Structure formats: C-alpha cells, structure tokens
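Okay, thanks for making time, everyone.

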Amino acid sequence: MTTQIPALLTHAPSTAFERGTITRRAVGHDDVLIEIAYAGICHSDIHNARDEWAPGMYPMVPGHEIAGIVTEAGPSVTKFAVGDRVGVGCFVDSCGQCGPCQAGEEQFCEQGAVMTYNSKDYESEVTYGGYSTHIVVKQDYVLRIPEGIAFETAAPLLCAGITTYSPLRHYNTGPGMNVAVIGMGGLGHMAVQYAHAMGAHVTVISQTRSKEDDGRRFGASDYRATGEEGTLKALRGTFDLIINTVSADIDVDALLKTLKLDGTMVFVGLPENAQTFSVFSLTSQRRSLTGSNIGGIEETQEMLDFSAEHGITSQVEVISADDVDEAYERVVRSDVRYRFVIDAKTI
Ligand code: NAP
Ligand code: ZN
C-alpha cells in the first residue's frame with residue numbers, strides 16, 4: 001500500500017516551495033523506510049528546481065543529502081534494522097548488471113542510475129527527494145552513518161562529501177601534492193578538509209578573502225582571491241590537481257595554466273553554460289581536463305568512515321522548511337557557511 005508523505009514541493013521553475021504531500025511506494029521486500037531527520041540543500045537542487053540544466057519533472061521535491069533513522073525494514077533486508085542511523089545520496093537504484101555497477105561505480109550505470117529526485121525509476125514512477133519526512137529506498141542504496149557524526153552534519157556528506165572525496169582519491173591525493181580547491185561553498189569546504197586529511201598542501205581559490213579564516217581552519221595552507229589583480233597569473237605552474245567546485249562560468253584557461261606539467265583539473269561544478277578553453281592551455285604542459293560525478297555506494301561508505309575517523313564533517317546552518325526559498329537565494333549569492341540543512345520536523 002502506498003503512503004502519503006508530507007513534502008516541500010515546487011510546481012514550476014523558480015516558483016516558491018509549498019508544503020504538500022507525495023506518494024511513496026509501500027515498503028518492499030528489499031526496502032527500508034527512513035524517517036528523515038535532515039536534508040541538505042545542494043546547489044544541484046537549485047540548478048534542477050530552476051531548470052538550469054534540463055526541463056524538470058514537476059511538482060519536484062529536491063534533496064539528495066538525506067540523513068535519518070530506519071523505521072521499517074522489508075522481510076529480505078539484511079543490511080539494516082529498525083533504529084539504524086542511515087543516509088541516502090544522489091541515486092536510489094541502478095541496473096546492478098553493467099560493468100560500472102559491477103565495479104561499484106553505480107553513478108556511471110550504463111542503463112542510467114535512478115536519481116533520488118527529478119528522475120524516473122525503472123517502473124517509470126517519478127522520484128521525490130529528501131525535502132520530505134520519509135523515504136523508501138532499496139537497502140543496497142542506503143549508507144550507514146557512523147556514530148560519531150551528527151545527523152545534520154552527516155547529511156551534506158552524502159553529496160558534497162562524496163563528490164569531492166571521490167576525485168581526490170581517484171587522482172591519488174597524498175603528501176607532496178599541491179591541490180587547489182576553486183570555490184569554497186558546500187563542496188569546496190569538504191574538498192579542503194579531505195585534501196588536507198589525505199596529506200596534500202591545499203590552496204583555496206575563492207572570489208574574495210571573506211572566508212579565509214574558515215579556509216585555513218578547514219586545512220588550507222594558502223588562500224587566494226580571484227578578485228585581487230594578478231592572482232591566477234602568480235599561481236602559474238603551481239598545482240598537481242585542481243578540484244573546481246564553481247557553480248558558474250569560470251576562466252578555464254587561466255585556471256589550467258596554474259597546473260604544473262602533467263597536472264589535472266577536475267570539474268565537479270556543473271554550470272548551466274558550456275565552458276570554453278584553448279587547447280594550447282593543455283598541450284603546453286601536457287595537462288588534463290576532466291570531470292567527476294558523485295561516487296559509488298562502496299566509496300560513499302568509505303568516505304563516511306574516513307570522515308568519522310578523521311573528525312571531518314560539514315559546517316551547516318540548520319533551517320526550517322519555511323526558509324528554503326531564502327536559502328536558495330543565499331546559496332546563489334555565495335552567502336552560505338557552508339551548507340543549509342532542512343530540519344525535516346518543520347516540513
Ligand atoms: P555552492 O555552495 O553554491 O558553492 C559554489 C561556490 O562557487 C561558491 O561558494 C563560490 O565560492 C563559487 N562561485 C559561485 N559563483 C561564482 C562565480 N560567478 N564566479 C566564481 N566563483 C563562484 O555550491 P555547491 O553545492 O558546492 O555545488 C557546486 C557545484 O557543483 C554546483 O554546480 C553543483 O551543481 C555541482 N555539483 C556537482 C556534483 C557532481 O557530481 N559533479 C555533485 C554535487 C554538486 P567562493 O565564494 O569561495 O568564491
Ligand atoms: Zn548534490
């Protein structure tokens with residue numbers, strides 16, 4: 001039997017959020033029902049809700065940074081029990097059969113992973129995300145939140161955490177490496193902490209110096225502001241790895257030139273517009289330009305465990321469901337320190 005669940009919905013691009021209800025499927029054999037405690041607001045929620053990437057499915061309930069408690073488990077569930085502290089990230093199903101799924105990289109599923117919201121599941125039902133009080137998810141797509149991490153600061157790890165942890169690991173971040181993090185918002189403040197914990201020398205490249213104290217507290221040894229004349233020029237040939245988290249257009253050439261010989265720049269930021277660059281910025285120092293997409297379930301669990309072990313977590317501002325529209329505006333203005341998290345009790 002399906003259930004009606006309270007949720008925050010937006011009915012069209014750029015319209016305000018409203019309280020309403022959505023239908024969740026009945027808890028199946030392999031499913032858990034999660035009572036959501038907190039849901040993070042990722043900039044991707046804003047891109048999606050405002051149709052900045054592609055036409056969305058409305059009404060839309062965003063939210064793919066979910067933390068809560070298992071309140072019911074289907075009869076075949078073996079991994080979780082009622083009362084467990086769990087999280088859900090950006091996808092809730094995948095084919096399970098293709099090469100990437102078999103390799104634990106379900107985010108690259110050849111059939112297309114089922115995204116947590118603004119997506120259709122394999123039964124063609126529209127998915128609804130974490131801005132709601134409960135969610136039903138297959139056990140294989142649920143993460144365990146370590147005891148040491150509070151729900152509200154755990155939620156952002158499910159997207160901002162894994163999206164930055166994964167490329168840092170993929171490009172072997174470690175001692176002796178110079179890593180730059182461009183943009184210190186939700187993703188950026190996690191990238192700084194992980195790169196530092198992995199032993200790299202970390203530089204933040206922000207628009208201003210307003211977050212310099214925080215950046216250094218998160219583990220950056222250097223902090224630069226692009227708003228100051230000559231900043232990127234002075235950094236030419238400096239970095240082994242750049243994690244670019246910027247949600248808007250960037251000067252790709254100027255940033256590529258801050259890489260050393262054989263350095264790599266990874267896009268995790270997903271701006272609405274196409275980005276352009278000169279091929280010479282790559283060839284002149286055999287540089288690489290690449291992108292990374294969230295992370296698989298196994299690596300997401302590894303990231304959560306790594307976070308607990310290293311005392312890493314997100315810095316959040318808990319808000320009520322009434323404040324989501326204003327929070328979106330503040331994220332767009334880079335006025336967030338460093339993730340808004342919705343208290344699901346207020347929905
Ligand atoms: P966020 O909190 O808004 O952070 C983005 C940061 O980019 C801002 O804090 C700001 O940093 C910088 N920035 C914003 N506008 C800028 C501009 N016009 N010029 C230069 N810098 C600017 O967003 P987020 O939640 O971290 O997400 C960042 C991006 O990653 C979004 O596009 C999101 O959709 C994408 N994303 C991708 C994945 C993936 O799997 N690839 C996963 C999650 C999110 P400063 O204030 O320090 O300059
Ligand atoms: Zn996200």
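This is a predicted model: local features need pLDDT of at least 70, side-chain atom pairs count only at pLDDT 80 or more; totals for chains, interfaces and linings use all residues.

**Ligand, core and backbone**

Now, who makes up the shell? There are 28 residues around ligand 1, and the ones that come nearest are His-43, Ser-206, Lys-211, Ile-294 and Arg-339. If you like to think in residue classes, the shell has eleven nonpolar, 15 polar and two charged residues.

In terms of secondary structure, two elements give two or more residues to that shell: helix 1, covering 43–49, and helix 5, covering 186–197. Helix 1 provides the largest share, with three residues.

And where does the ligand sit relative to the domains? Domain 1, which is 3–158 plus 314–346, and domain 2, which is 161–291, both give residues to the shell, so ligand 1 lies between them.

Okay, next up is the packing. As a bit of background, nonpolar side chains in soluble globular proteins tend to be buried together. Here, the largest nonpolar core has 94 residues, and the members that touch the most others are Ile-41, Tyr-131, Tyr-194 and Val-324. Which element gives the largest share of this core? That would be strand 3, residues 31–41, with seven residues. This core also lies between domain 1 and domain 2, because both domains give residues to it. So the two domains come up for the core as well as for the ligand shell.

We've got some exceptions to look at.

There's a cis peptide bond from Tyr-58 to Pro-59, with omega near -5°. Pro-59 lies in the loop between helix 1 and strand 4. Another cis bond runs from Arg-337 to Tyr-338, this time with omega near -10°. Tyr-338 is in the loop between helix 11, which is 324–332, and strand 17, which is 339–343.

Stay in that loop for a second, as Ser-334 is found between helix 11 and strand 17 too. Its phi is positive, near 60°, and Ser-334 is not a glycine. Is Ser-334 buried, partly exposed or exposed? Partly exposed, because its relative accessibility is 34%.

Asn-172 is another non-glycine with a positive phi, about 55°. You'll find Asn-172 in the loop between helix 4, 160–170, and strand 10, 178–182. With 60% relative accessibility, Asn-172 counts as exposed.

Last bit: a few pairs, comparing sequence separation with C-alpha distance. Arg-50 is in the loop between helix 1 and strand 4, and at 23% relative accessibility it counts as partly exposed. Arg-50 and Thr-10 are 40 residues apart in sequence, with 9.5 Å between their C-alpha atoms.

Ser-278, in the loop between strand 14 and helix 9, is 25 residues from Asp-253 in sequence, and their C-alpha atoms are 6.5 Å apart. Thr-264 lies in strand 14 and is buried, with a relative accessible area of 10%. From Thr-264 to Gly-291 you have 27 residues along the sequence and 10.0 Å in space, C-alpha to C-alpha.

Then there's Gly-296, in the loop between strand 15 and helix 10. Gly-296 is buried, at 1% relative accessible area. How far is Gly-296 from Ser-320? They're 24 residues apart along the chain, and their C-alpha atoms are separated by 30 Å.

That's my tour, so over to you.

Conventions
Residues are numbered from 1 along each chain as its sequence is written. Chains are lettered from A and ligands numbered from 1 in the order in which they are written. Side-chain values use heavy atoms; hydrogens and water are left out. A residue is near a molecule or strand if one of its heavy atoms lies within 4 Å of it. Helices (H or I, at least four residues) and strands (E, at least two) are DSSP runs, numbered from the N terminus. Ala, Val, Leu, Ile, Met, Phe, Trp, Tyr, Cys and Pro count as nonpolar, Asp, Glu, Lys and Arg as charged, and the others, Gly among them, as polar. Domain bounds come from an automatic or database domain assignment. A nonpolar core is a set of buried Ala, Val, Leu, Ile, Met, Phe, Trp, Tyr and Cys residues joined through side-chain atoms within 4.5 Å. Buried means under 20% relative accessible area, exposed over 50%, partly exposed in between (1.4 Å probe, protein chains only).
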